[in-house]
Amino acid sequence: MTIKDVSREAGVSIKTVSRVLNNEKYVGAETRARVAAVVERLNFRPSSAARVLAGRRSFQIALICDNPSPYYVYEMQSGIRDRCEEAGVRMIAQPYDRQSSKLLDEIESLIDSIQIDGLILTPPASDCVEVLDLLSARGVPFVRVSPGIEVMLTSSIFIDNARAAAEVTQHLIDLGHRRIAHISGDPAFAASAQRTAGYLNAMRASGIAVDPALIRTGNFYFTSGGSEAEALLALPSPPTAIFAASDDMAAGALAAAHRLGVRVPEALSIAGFDDTAISRVVWPPLTTIHQPMRQMAYAAADLLLRPTGAPIERRELGYELVVRGSTAAPLGSVPLD
């Protein structure tokens, strides 16, 4: 099948078909839908080389990702790839090391050598001022996932981390816990401060004094969850519940409790955040916040693939509290009214 076949079947010009395929403006919704239906019915797949020669696009976008969770990276790649396949665009995944002195050179080399049409930045790249300045100066379109600074600079995808963290903390409060500890994530990620804020908001709203000794700083890795949990459980008055800012850290805290002979959830409740695969395979399975990572990635790609000149848009996706076996009422507790 050729573009001429699509043009004939849809009853529109070849130029109109080209505009639909390239996701350009100046095509009505009804016409766009009709052409898309014909493309699907005929299983038309345009030549990438021909598309590049016909315009100024490479039909390639890049994902810049640096995250301690392999599951997060996989879900981001999967969601973006799903949307790219629909649009006939290739996704390139570029590892990101914020500690590298060659970081900006590597990103600039990516832009020049591959001539990408745009980038998707995930935390903490989404808040790296040097990266944002570079892309803005080069005029490269980009969409950010969960930005924490200059949120109206570009289109972005996010969930309400603070509200979600408050909800999981409130769950522990409703069970009757009062000494609730929190293990925060890497300070370089905006989500870390947002989730800590949500924890504090829920505690204060319930009139529960926050003991500074119960707040520990982790880095989103399993090992930090374990070491910080051990420190918390060694306190003269240890917590009866721990809310960790990621499932990996919550799993680390769970492993530490097992090592120390602290029964979960009878003697200690543990909750995480993200609903990654690890939350379902540990024992007991973790209560956590489901963050729709794949849907967020799909939405980020959808924003990036909009026609040139589309207005800045911030899309907030929903989350869900998933209650599993790692949380329960403490012995002798009195739930809040």
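**Helix packing, salt bridges and a parallel sheet**

Helix H1, spanning residues 3–10, packs against helix H2, residues 14–21, at an angle of about 105°, and their axes lie 9 Å apart. The two helices are therefore roughly perpendicular to each other, since angles of 65 to 115 degrees are counted in that way. On the H1 side the contact is formed by Ile3, Lys4, Val6 and Ser7, and on the H2 side by Ile14, Val17, Ser18 and Leu21. Sorted by class, the residues in this contact of H1 with H2 are five nonpolar, two polar and one charged. The model described here is a predicted one.

Helix H2 also meets helix H3, which covers residues 29–42; the axes of H2 and H3 cross at roughly 85° and come within 10 Å. H2 and H3 are therefore roughly perpendicular to each other as well. H2 contributes Thr16, Val17, Arg19, Val20 and Leu21 to this contact, while H3 contributes Thr31, Arg32, Val35 and Val39. The classes in the contact of H2 with H3 are five nonpolar, two polar and two charged residues.

The next topic is the pairing of charged side chains. Side chains of opposite charge can pair when their charged atoms come close. The structure holds 19 salt bridges. In one of them, Glu9 pairs with Arg41, with 3.4 Å between the closest N and O atoms. Because Glu9 belongs to helix H1 and Arg41 to helix H3, this pair ties together parts that are 32 residues apart in sequence. Glu9 is partly exposed, at a relative accessible area of 42%, whereas Arg41 counts as exposed at 53%.

A further salt bridge joins Arg324 to Asp275, where the closest N and O atoms are 2.9 Å apart. Arg324 lies in the segment after strand S12 (320–322), and Asp275 in the loop between strand S9 (269–271) and helix H12 (278–281), so the pair ties together parts that are 49 residues apart in sequence. Both Arg324 and Asp275 are buried.

Arg315 and Glu313 also meet through their side chains in a salt bridge, at 2.8 Å from N to O. Arg315 is partly exposed, with a relative accessible area of 23%, and Glu313 is likewise partly exposed, with a value of 30%. These two residues belong to a network of salt bridges that also links Arg83, Glu86, Asp302 and Arg306.

Strand S9 leads on to the sheet. Four strands form an open sheet in the order S7-S6-S8-S9, with parallel pairing. S7 (215–217) and S9 stand at the edges, and each has a single partner strand, so one side of each is left without a neighbour in the sheet. On average, neighbouring strands of this sheet are turned by 15° against each other, direction ignored.

Within the sheet, strand S6 (residues 180–184) pairs with strand S8 (residues 241–244) in the parallel sense over four bridges. Ile180 stands opposite Ala241 in S8. Helix H8, residues 161–175, packs on the sheet and touches S6, S8 and S9; the direction of H8 makes about 170° with that of S8. Helix H10, residues 222–233, packs on the sheet too, touching S6, S7 and S8, and the direction of H10 makes about 150° with that of S6.

Definitions and conventions
Residues are numbered from 1 along each chain as its sequence is written. This is a predicted model: local features need pLDDT of at least 70, side-chain atom pairs count only at pLDDT 80 or more; totals for chains, interfaces and linings use all residues. Side-chain values use heavy atoms; hydrogens and water are left out. Axes are lines fitted to C-alpha atoms, for helices over the stretch in contact, and angles run from 0 to 180 degrees between N-to-C directions. Angles under 35 degrees count as roughly parallel, over 145 as roughly antiparallel, 65 to 115 as roughly perpendicular and the rest as oblique. Contact means heavy atoms within 4.5 Å. Ala, Val, Leu, Ile, Met, Phe, Trp, Tyr, Cys and Pro count as nonpolar, Asp, Glu, Lys and Arg as charged, and the others, Gly among them, as polar. A salt bridge is a side-chain nitrogen of Lys or Arg within 4 Å of a carboxyl oxygen of Asp or Glu. Buried means under 20% relative accessible area, exposed over 50%, partly exposed in between (1.4 Å probe, protein chains only). Two strands pair if DSSP finds at least two bridges between them.
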